[in-house]
Amino acid sequence: MKEFANILKYARPYTKSIIFAFACLILTSIISLALPLIVRNMINAVVVLKNSDLLNNLTQDLVIIILFQAAFAITHNYIFGFIGHRVTADFRIELFSHIQSLSLRFFQSRRVGEILSRMSNDITVIQNALVSIPVAALRQTITLVGALAIIFYLNWKLTGLILLVLPPLMLFARIFGKRLRSLSEKVQDKIAHALVVLEEVASSIKIVKSYTREPYEKKRFENEIEGAFEQSIGKVRISSSFGPLILGLTFLVSTILIWYGGQQVMQGTTTPGELAAFFLYALIMAGPIGTFVKIYTQLQETLGAMRRVNEILDTK
């Protein structure tokens, strides 16, 4: 995305580390996809085969795989976190240097509080996105695609029921994401205006006290904070309603899957282990779907913050 071009250039010195971290992330995701298959074999070893030796061997394999997964996860989490914070620190320095180089006309048209808001609040939003979005996006993509392929192999009929849920989720994410981006920009703008009031009062506190303007300045600051609060409540309304909608839809589909899958087990067309593995993969798929929604909304908020920062960087 062109909005992130100014900040992503600082990640180039860490290209090798990023590639290594992505490799660890891919291995972590692949291992996660393998775990339900081992659980399937363990259940079949108990219920169908009644083989204790096989169960013991599978348990040992499961423990070893989990340890490897933890090691890979710790590695990529640290690398991505380090690079994200390092890139953000370099970007803050560039923004500060650029602000110093601007003409006096820029400072005459911009309040100090507004500039501070861009340097603090907006950069913090961008930093959180850099640390979390790349990791979550790749991991959940691999998990979703891999789990979908495996459950299609295990039972294509049950998979069809799950696929019916995806279009409504995508539609909800698009509608809510756009609305959240608009509200996030308004919240940041209101906070910036509040900082302007704070900066004006702090820089001219003698005049404020001399003319007993404290109640007036308090009212100005209160109006801006209350405006930010109202916009934040709008965000809460959207985010709080989206979760229950998705959860209700998920439980509805799960109920249908349990009924239909149970019928197949009783008819002998599938084993208990395969049904359990299918449900584990279905739960695994629910994670990426919910995460993609959060990523989309966070990305929308970050785009708004990046746009405001780029307005300063593009000023000559």
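Predicted model: local features only at pLDDT ≥ 70, side-chain atom pairs only at ≥ 80, totals over all residues.

Colleague: Which helix does Val 39 lie in?

Modeller: Val 39 has a C-alpha 31 Å from that of Met 170, and the two are 131 residues apart in sequence. As for the helix, Val 39 belongs to helix 2.

Colleague: Is Gln 69 buried or exposed?

Modeller: Gln 69 sits in helix 3, residues 52-101. Beyond four places in sequence, Gln 69 touches Thr 28, Ile 31, Ser 32 and Leu 35. Its relative accessibility is 15%, and the cut-off for buried is under 20%, so Gln 69 counts as buried.

Colleague: And which side chain does the Gln 69 side chain make a polar contact with?

Modeller: Ser 32 is one of the residues Gln 69 touches. The polar contact runs side chain to side chain at 2.4 Å, and the partner is Ser 32.

Colleague: How far apart are the end C-alpha atoms of helix 3?

Modeller: At the N-terminal end, Asn 51 is the cap, with a side-chain oxygen 3.1 Å from the backbone nitrogen of Asp 53. Helix 3 has 50 residues, so at 1.5 Å a residue it should span 74 Å. The model agrees: the end C-alpha atoms are 74 Å apart.

Colleague: How many residues does the largest nonpolar core have?

Modeller: Ile 7, Val 87, Phe 91, Leu 95, Ile 126 and Val 309 have the most contacts inside it. Helices 2, 3, 5 and 10 each supply at least two of its residues.

Notes:
Residues numbered from 1 in each chain as written. Heavy atoms only, no water. Helix = DSSP H or I, 4+ residues; strand = E, 2+ residues; numbered from the N terminus. Buried < 20%, exposed > 50% of the residue type's maximum accessible area, 1.4 Å probe, protein only. Polar contact = N/O pair within 3.5 Å; in protein donor to acceptor, adjacent residues only side chain to side chain. Contact = heavy atoms within 4.5 Å. Expected span 1.5 Å × (residues − 1). Core = buried A, V, L, I, M, F, W, Y, C linked by side-chain atoms within 4.5 Å.
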